[in-house]
Amino acid sequence: MRNQRANPSALAKVVVTSVVDFTALEAAFGAALTQAPELLPRSLPARVVIKPNLCDNAAWETGATTDPAWLGVLARALRARRPDVVIDVVESDAISMYRAFRACDESFERLGYVEAAREAGVRLINLSREESWEIQVPTFPEPVRIPALFLEEFFLISLANVKLHPYERFTGILKNNYGLLPQSDRSGLHMRLPEILFTVHQLCRTDLAILDGRIGLEGKGPIFGRPKRLNRLVVSNDALAADQTACRLIGLEPDTVPHLRYAAQQSGQKREEVEVHGHLTPSPFTVDDPETVSLIIRKFALRRFHRRLEKHSERAMNWAAEAWHHPLGFAGRVARRVFARK
Amino acid sequence: MLKRLKLGLVGAGPAAERLHVPAIRGVPEVQAWMVADVDMLRARRVQDLCPFEHATNNYEDFCGEVDLAIVGLPNALHEPVACRLLKAGVHVLCEKPLARTVAECRRMIAAAKPAGALLAAGHNRRLKKNVLEARLLLSRGCIGRVTRLHTEEGSRADWPRSKAYFDPALAGGGAMLDVGIHAIDLIRFLVGEFVSVEYSGNGTSAQVESEGHLRFKLAGGAEGEVLASRDRDLRQELVLVGADGELRVGLWEQSLVLQRPRGKAFRHFDSLQLNPVARANDASFVDQLYRFAAAIRGLGKPSTTAEDGLEAVRIVEWGYTGARPA
């Protein structure tokens, strides 16, 4: 395996800026880039892919989705560095919180992305309609379907919101990138969420992570939570470091978030390797129904156990059947002889 | 519903039992009508497996009875049997190699035309999922222009071979014509035409080769080699090296591994195992028969045309004789 970072000796850098005026988004982003210009390099690849968080058909002011105004802000910043850059905004279809299919094209339309994309001159891509491949990687026990896009070279900007989550406790960049997987029903992967999020993180590294914390979501979590003004913007060249910083901003210890703890353990990233600048005073979010958390975690543990049991018994039965039928198999011959006697 | 096509199977050997009978069962557009083998016991066993309506020891009984036939006989019998059936208007799907020589292949193609019958070669591997996915990746330029190929396939115990496999007169060739022809067809299917070949093998006039080695150049400039053996267990894979990466296509397992120096996923992983779901049952024979039946009805072409079958035989004969057959 290779090291993901182009320059392995470079530190992960996180900049936290304050945004009190919601309309001053461009200024706040500009201020972050002024503090750390290397976050958006001059030598950009020809293609930039932006992944917003469109987890529901809810306006950005609810704190659940990403503000479409970001498309214009990013397009201008990117073209200032490379005028011929091709910018794509990607998202996948999903099964919504209401257990109904939600087409991402509909979300693009209803959340104002179609209009914003037209104005910014960027393309909108539904990854569920694009070519995809099923792959097996050592970091996840089951096959994963990835978009063909992952085989190409591009600069990924992940645009997420700062939200609580009922059992992962926090969702940010790593969880946002889960939406890069093209299958609409990803619920089957939820019982191994830390592993799959880390796998996606490795398969498609975020080059620029932006956590729009103007309005966060506390309470019940990523869709039904209560909007809360955090008035911060977290910008980083490292997805994990950005999420960890955002966690601290809302009063959560990153190690209590299962997928962040898992990613930190697997990648071996240490806190002293992350350089953080800016306004770090926490503004704690409140969690509703903490008992639900343990209930859901227990449910997933049970599902994992059941899946493992199913897999092992299937393997044993396949092995027995192969041994039985194989013309040269020793076990098969012995078994046939033993049963023939009976 | 369209009328079902009556199917005849010539040859009730291991290929019929293991490969063609499951395929026939998987294609409802055809009706298993008649099976023929000189050994009536074998014919009856295969008749029960499918089940076929009739069993016979004379393939000529097919004429006027069946719409299409699968020919799975020793190589020397492909031409006479296929020609007889084609002349009677029976469409023929002939097992690989299409025949022993280019001249025989030409006679088969010539026999098909006047009767309006369709002749196809049974190079089923073109329809394996990993091969189709490799073709898609190549068409997308995923590894750039292919510059080098290496393929090896061989085992001492992969298939129950009768005496006909080892007799130069009956087989027409050894490991290269029997095993290596699969890789040759895949190379043509995936990359392009052969422009030069150089062969070495251990065959004699009394014995076909048990191992053969073919070096070649393709029209696009790529170079490579095919190693086919009945003596050694080899890696059973086709490796395509391009200017921008490498693809490893499993010839037995339906595996496909992609390696690229650039690309988002390759920043962390050296290679990706595509198509990882283990498929115990190979559906390529089913797809081959389905496409052949569809082609008879005028819907598309068979997966491997007779001309493709002829080209693969031409490469092997070119290697054996040292001169490109006309």
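1. The crossing of helix 6 of chain A and helix 8 of chain A is right-handed, a crossing being right-handed if the near helix is turned clockwise from the far one by less than a right angle, and left-handed if anticlockwise. The contact is made by Leu193(A), Pro194(A), Glu195(A), Leu197(A), Phe198(A) and His201(A) on the side of helix 6 and by Pro258(A), His259(A), Tyr262(A), Ala263(A) and Gln266(A) on the side of helix 8, where contact requires C-beta atoms, placed from the backbone, within 7 Å. These residues divide into seven nonpolar, three polar and one charged.

2. This is a predicted model, in which local features need pLDDT of at least 70 and side-chain atom pairs count only at pLDDT 80 or more, while totals for chains, interfaces and linings use all residues. Residues are numbered from 1 along each chain as its sequence is written, and chains are lettered from A and ligands numbered from 1 in the order in which they are written.

3. As for the geometry of the pair, helix 6 (residues 193-203) and helix 8 (residues 258-267) of chain A pack at an angle of about 55°, with axes 8 Å apart. Helix 6 of chain A is therefore oblique to helix 8 of chain A.

4. Turning to the whole chain, chain A holds ten helices and 13 strands, counted as DSSP runs of at least four residues (H or I) and at least two (E), respectively. Along its principal axes, the C-alpha trace of chain A spans about 85 × 45 × 45 Å.

5. Among contacts in chain A between residues at least 6 apart in sequence, 72% join residues at least 24 apart.

Terms used: Axes fitted to C-alpha atoms, helices over the stretch in contact; angles between N-to-C directions. Parallel < 35°, antiparallel > 145°, perpendicular 65-115°, else oblique. Contact = placed C-beta atoms within 7 Å. Nonpolar A, V, L, I, M, F, W, Y, C, P; charged D, E, K, R; others polar.
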